[in-house]
Amino acid sequence: MSSYPQDAACRGMDPAIFYPMRGSAVKVPKAICNGCSVKAECLAAAMAEPERYGIWGDATERERRAMRYALAPSTGRARRLDEAVTMNAAGWGRREAAAALGVNVGTYMRYLKDAS
Ligand code: SF4
């Protein structure tokens with residue numbers, strides 16, 4: 001039986017491997033996670049914390065964020081995020097969409113980025 005984190009495939013490795021710079025490849029850390037016997041436990045712990053940075057349980061920050069939104073579809077932010085995507089797809093301008101959502105343009109753009 002595996003136990004987390006004692007049986008982690010990354011145990012003893014340089015943690016920097018799991019914190020790649022923005023835009024750099026995540027193939028190596030994901031390959032390590034993919035062969036890890038405690039991947040599910042690691043992901044569950046990262047989702048519970050929640051860990052904002054790095055690769056945990058074979059999931060990047062963006063992938064974990066998407067999972068959180070998928071698991072909490074009824075939250076106000078998740079709903080606004082869905083509305084922002086719908087408005088963007090329908091061709092709404094940034095200013096009018098942001099105003100309709102009651103946020104500034106920067107927040108509206110962040111919603112779109114987080115949803116991608
Ligand atoms: S899933 Fe990845 S980060 Fe998590 S314990 Fe295993 S190797 Fe380490």
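A residue is called buried here if 20 or more other C-beta atoms lie within 10 Å of its own, exposed if 12 or fewer do, and partly exposed in between, with C-beta atoms placed from the backbone. The structure is a predicted model, in which local features need pLDDT of at least 70 and side-chain atom pairs count only at pLDDT 80 or more, while totals for chains, interfaces and linings use all residues. Residues are numbered from 1 along each chain as its sequence is written.

Starting with the overall picture, the protein chain has six helices and zero strands, where helices (H or I, at least four residues) and strands (E, at least two) are DSSP runs numbered from the N terminus. Along the sequence this reads α-α-α-α-α-α. At 18 Å, the radius of gyration of the protein chain is well over the 13 Å that the globule rule gives for 116 residues, so the chain is more spread out than a compact globule. That radius is taken over C-alpha atoms, and the globule rule is 2.2 Å times the number of residues to the power 0.38. Along the principal axes, the C-alpha atoms fill a box of roughly 55 × 30 × 20 Å. The domain assignment gives domain 1 (15-69) and domain 2 (76-115), with bounds that come from an automatic or database assignment. Taken over C-alpha atoms, the centres of domain 1 and domain 2 are 27 Å apart.

Helix α4 covers residues 76-89, and its 14 residues reach 20 Å from the first C-alpha to the last, close to the 20 Å expected at 1.5 Å a residue; the expected span is 1.5 Å times one less than the number of residues. Leu81, Ala84 and Met87 are the buried residues to look at in α4. They sit on the same side of α4 because they cover an arc of only 125° around the axis, the arc being that of the directions from the helix axis to the C-beta atoms. Over on the other side of α4, Arg79, Thr86 and Ala89 are exposed. Ala84 counts as buried because 26 other C-beta atoms lie within 10 Å. From Ala84 to Met67, 17 residues away in sequence, the C-alpha distance is 18 Å. Ala78, also in α4, is partly exposed, with 18 C-beta neighbours inside 10 Å. After α4 comes Gly91, with a positive phi near 90°.

Turning to the ligand, 14 residues surround it, and the closest are Ala8, Cys10, Cys33, Cys36 and Cys42. A residue is near a molecule or strand if its C-beta atom, placed from the backbone, lies within 6 Å of it. Helices α1 (27-34) and α2 (39-48) are the elements that give two or more residues to this shell. By class, the shell has 11 nonpolar, one polar and two charged residues. Here Ala, Val, Leu, Ile, Met, Phe, Trp, Tyr, Cys and Pro count as nonpolar, Asp, Glu, Lys and Arg as charged, and the others, Gly among them, as polar.

Two bits of backbone geometry are worth a look. Most residues other than glycine have a negative phi, and most peptide bonds are trans. The Tyr4 to Pro5 peptide bond is cis, with omega near 5°, and Pro5 is in the segment before α1. Asp58 has a positive phi, near 70°. Asp58 is in the loop between α2 and α3 (61-71) and is partly exposed, with 19 other C-beta atoms within 10 Å.
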